[in-house]
Amino acid sequence: AARAGSVCCRDVAADVCPRMMSRMGSPTRRIISALLLLQSAAGFDGAIAAAPDGFLQAAFQPWTRNTTSRAWTGGDVGASCALTPTRTLWVFGDTLIGHWDGKRRVSEGAAMPHSSVGVWDLGAAPRDAMTWRWGPGNTSFFRPSWESSTEAFWAAVTVPRAIDGRVLVLGNRVLYTGEAGPMGFRTNESFIFTIDGAADRPDDPASWTLDYYPLPHTGNLSAGGFVDFARGALLVGPWLYLYGNVRTAATGGREVLSRIPWADLRVRNFSAQEYWTGAWRRGWSDDLPEALATLWSPQVAEMQPQWCDKTGSYVALTIPFGSTRVELRAAPAPEGPWSDPRKVYDIPPPQNDTTKFFCYATMQHDAASLPRDPSSPPPDLVFTYVCNGRTLADVFAEGAEASYTPQFVRLSFL
């Protein structure tokens, strides 16, 4: 039996299909063989093993040695972008700044800027590899002119590598409603922050140049509905694929997709943006919120799809809202068709207590942007997820240091 925090699963079809095929004629066998090849490409014809990665997790634990000065003690989401062969940028949403008393985060005097970054030195041991930065006076690292006590930019995902030396960080303009608890906000337009200089000067964030702009036709639309294209990003050839969600009265919440050539996005030429409706449609029209094709439903929070060489497919990992399982979908192309979800991992205790925690933000990370564990074979995929507390007290409780901190998991197709 699989222990909590790990799963090994097998597709029943891999066991029964050889017996079935031996009883079928040649044309049928050829059809079934083609289907199995597609299934194999999606990584579903063998076992899948997933387990926590303690080697990498050490990068997010140094703060537990800090009992005196204020430091980074947790951050939301956790997306990564390769800057150089030896430096990787990590981007976080809401961030906890404070200290540790040996048993728990200390809430007294803690601060929460809305974003921070970390630069991972791949040549250092993980526990000493990360240098964190946020804004002066415990403010946000990504601070648009309109940020206030009621509005902020929430960083969600990054493009996995710098493009022509530029880092792209996608997120949303968020309005705080004043309601108690972690769900007291409303998401509005999708925004892109750009970072220039990070690839040339990865260890000097103060010298980086930041800019930002909104993605058109996102947020709460005057024609009705809500559109967001800042939930995931893929760079494939000249195209930047933007995953997101749409909500309308007629269709509810769905995962959807857009794309734009990087050359056009660089000069903010959004007339070249295309939308997936079952075919690619160039240019916006007011019927698109309902016309956009559904990748899957319901939509999920932040996630980072990735190409997987082992399966020969794109892979998306998601956590259904309110659940304690990580699910895998696979597709031959960024737009799909995406397979049905398959559970590959169970969130371990204590974060699997849904009365105190909820988990999300399944972010895959490029293996080349992470250090190699010399004591074990390389996994096929590495991902992180975050578990937030239902209340701040749950995050600051004794034994809750794994909450509000990305948790590393290694996944292998056997």
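**Close-up views of side-chain packing and pairing in a predicted model**

The structure, a predicted model, holds 33 aromatic pairs.

**Figure 1. An edge-to-face pair is formed by Tyr-241 and Trp-280.** The ring centres of Tyr-241 and Trp-280 are 5.9 Å apart, with 65 degrees between the planes. Tyr-241 belongs to strand β13 (residues 239-248) and Trp-280 to strand β16 (residues 280-282), so the pair ties together parts that are 39 residues apart in sequence. Tyr-241 is buried, at 6% relative accessibility, whereas Trp-280 is partly exposed, with a relative accessible area of 22%. Trp-280 also has a charged neighbour: the charged end of Arg-259 sits over its ring, 4.2 Å from the centre.

**Figure 2. Trp-307 and Tyr-314 form an edge-to-face pair.** Because the planes of these two rings meet at 75 degrees, with the centres 4.9 Å apart, the pair is edge-to-face. Trp-307 counts as partly exposed at 38% relative accessibility; Tyr-314 is buried, with a relative accessible area of 10%.

**Figure 3. Ring pairs link eight aromatic residues, Phe-141, Phe-142, Trp-146, Phe-153, Phe-191, Phe-193, Trp-208 and Tyr-212, into a cluster.** One of the cluster members, Trp-146, has Arg-173 over its face, at 4.2 Å from the ring centre. Arg-173 is buried, with 18% relative accessibility. Arg-173 also forms a salt bridge with Glu-151, in which the closest N and O atoms are 2.9 Å apart.

**Figure 4. Arg-87 and Asp-203 meet in one of the 17 salt bridges.** The closest N and O atoms of the pair are 2.8 Å apart. Arg-87 is buried, with a relative accessible area of 15%, while Asp-203 is partly exposed at 48% relative accessibility. Salt bridges that share partners join Arg-87, Asp-203 and Asp-121 into one network.

**Figure 5. Asp-346 and Lys-343 form a salt bridge through their side chains.** The N to O distance is 3.3 Å. Asp-346 is partly exposed, with a relative accessible area of 24%, and Lys-343 is partly exposed as well, with a relative accessible area of 37%.

**Figure 6. Phe-229 is among the residues that touch the most other members of the largest nonpolar core.** This core has 35 residues, and Val-159, Leu-168, Leu-170, Ile-192, Leu-240 and Leu-265 are listed with Phe-229 as touching the most other members. Leaving aside residues up to four places away in sequence, Phe-229 touches residues including Leu-170, Leu-215, Leu-242, Tyr-243, Val-256, Leu-257, Tyr-275 and Leu-292. Apart from this core lies another, of 20 residues, with Val-315, Ile-319, Leu-328 and Phe-413 among them. In soluble globular proteins, nonpolar side chains tend to be buried together.

**Figure 7. Residues 6-43 have pLDDT under 50 throughout.** The model has 53 contacts beyond four places in sequence for this segment. Where pLDDT is low, the predicted coordinates should not be read in detail. For the protein, the mean pLDDT is 88, and 88% of its residues reach 70 or more.

Note on methods
Residues are numbered from 1 along each chain as its sequence is written. This is a predicted model: local features need pLDDT of at least 70, side-chain atom pairs count only at pLDDT 80 or more; totals for chains, interfaces and linings use all residues. Side-chain values use heavy atoms; hydrogens and water are left out. A nonpolar core is a set of buried Ala, Val, Leu, Ile, Met, Phe, Trp, Tyr and Cys residues joined through side-chain atoms within 4.5 Å. Buried means under 20% relative accessible area, exposed over 50%, partly exposed in between (1.4 Å probe, protein chains only). Contact means heavy atoms within 4.5 Å. pLDDT is the predictor's confidence in each residue, from 0 to 100. Rings of Phe, Tyr and Trp (its six-membered ring) pair if their centres lie within 6.5 Å; planes under 30 degrees apart count as stacked, over 60 as edge-to-face and the rest as tilted. Helices (H or I, at least four residues) and strands (E, at least two) are DSSP runs, numbered from the N terminus. A charge sits over a ring if NZ of Lys or CZ of Arg is within 6 Å of the ring centre and within 35 degrees of the ring normal. A salt bridge is a side-chain nitrogen of Lys or Arg within 4 Å of a carboxyl oxygen of Asp or Glu.
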